[in-house]
Amino acid sequence: MKELEEKISNSKNLKEIEEVRIEIFGKKGVLATQFAKMKDIPNEEKKDFAKNLNILKANLQKLFELKKEELYLKHLEQTLKEKAVDVSSFKYQGESGALHPVNFTMDRIIDYFVSMNFEVAEGPLVEDDFHNFQALNLPEYHPAREMQDTFYLDNGLVLRTHTSPVQIRYMKKNRPPFKMISPGAVFRKDMDLTHTPMFHQVEALVVAKEAEVSFANLKSILVDFLRYMFGDVNVRFRPSFFPFTEPSAEVDISCIFCKGEGCRVCSHTGWLEVLGSGMVDPNVFKAVEYEGMSGYAFGIGVERFAMLIHRIGDLRSLFEGDIRLLEQFR
Ligand code: PHE
């Protein structure tokens, strides 16, 4: 009896306890052998013998179950320890990508205007003379066409020099009042530190009944937008000329590098020119057959903004695809 209990208690693993089980409870085990003796026992002793044997069996069984459970848990714990995967030790070995600074800046600009309920419109990269120039108050032989360094195609079409032609198309398809922006690539024959033959613009156009849109509206949205993009800057408007706007203004922000003190980036003026703007010229409305309307427009050079935000010195470097430059924007 004691001996059997010890056999159970001393089992060290599931294999050993299974052997003990067969030895004690098996068909030819100790208990079976004891029960088999029943037939040789005198009748009057049979009852006690059976009772004792059953008590013994129950005790051993209880002990066995407890021990087996204990060994099973031990086994489980050990297996988990040996075979478990340590997820915290996993490190992704690949390279993660990032938005190109031009896309990043473009998205930020678009986000602002979408939040102000501007509709986003797109148009063709190859344009005809009417949409790119004439409708924008740039008649043939007008000297202001020179401002745009145009790529002319053999068939008389051009690579659009700005996204203003999208606004002409939009005005012909829609009726005021509306607020829209036209983001996209534009092309000019120009290449130096701050110019590439392809760059991106976001131009905005707001049109409503006369007297419902004013230069004051233009000013307030631009001040708000420029502070959203550049933080706490001062904004100033300088009289300028664009064929499609009258009056026109160029917009400057106080230099974000020297806070207006004067430095190399702002040519020691304390100001950075960031965009062109103005009230839509009546000739533009005439070209799209609008009457009694007024509106304002402005044009943002996305690369110019990206250069300022990311302090990029040479615009051309953005389009060379050099991974060493692009990696810095992760
Ligand atoms: N279309 C002008 C350009 O590309 C930008 C601009 C738009 C200026 C609207 C004034 C008003 O140069």
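**Conventions.** I number residues from 1 along each chain as its sequence is written, and side-chain values use heavy atoms, with hydrogens and water left out. In this predicted model, local features need pLDDT of at least 70 and side-chain atom pairs count only at pLDDT 80 or more, while totals for chains, interfaces and linings use all residues.

**Ligand shell.** I looked up what surrounds the ligand and found 13 residues, taking a residue as near if one of its heavy atoms lies within 4 Å. The closest are His-162, Ser-164, Arg-188, Gln-201 and Glu-203. By type, the shell divides into 4 nonpolar, 7 polar and 2 charged residues; Ala, Val, Leu, Ile, Met, Phe, Trp, Tyr, Cys and Pro count as nonpolar, Asp, Glu, Lys and Arg as charged, and the others, Gly among them, as polar.

I then checked which strands contribute. β5 (198-209), β8 (271-280) and β9 (293-301) each supply at least two shell residues, and the largest share, 3 residues, comes from β9. Strands here are DSSP runs of E with at least two residues, helices runs of H or I with at least four, numbered from the N terminus.

**Polar contacts.** I listed pairs of N or O atoms within 3.5 Å. A polar side-chain atom of Glu-203 is 2.6 Å from a ligand nitrogen. For Arg-188, a polar side-chain atom lies 2.9 Å from a ligand oxygen. An N or O atom in the Ser-164 side chain is 3.1 Å from a nitrogen of the ligand. The protein covers 91% of the 330 Å² of accessible area that the ligand has on its own (Shrake-Rupley method, 1.4 Å probe).

**Cis peptides.** I noted a cis bond from Pro-176 to Pro-177, with omega near 5°. Pro-177 lies in the loop between α7 (164-173) and β4 (178-187). Another cis bond joins Glu-246 and Pro-247, with omega about -5°; Pro-247 is in strand β7 (245-254).

**Positive phi.** Asn-137, not a glycine, has a phi of about 65° and sits in the loop between α6 (129-132) and β3 (158-159). I count Asn-137 as buried because its relative accessibility is 19% (buried is under 20%, exposed over 50%, partly exposed in between; 1.4 Å probe, protein chains only). His-268 also has a positive phi, near 60°, and is found in the loop between β7 and β8. At 60% relative accessible area, His-268 is exposed.

**Helix α4.** I looked up Glu-45, which lies in α4 (residues 43-83). Its relative accessible area is 47%, so Glu-45 is partly exposed.

Terms used: A polar contact is a pair of N or O atoms within 3.5 Å; within protein, one must be able to donate a hydrogen and the other to accept it, and residues adjacent in sequence count only if both atoms are side-chain atoms.
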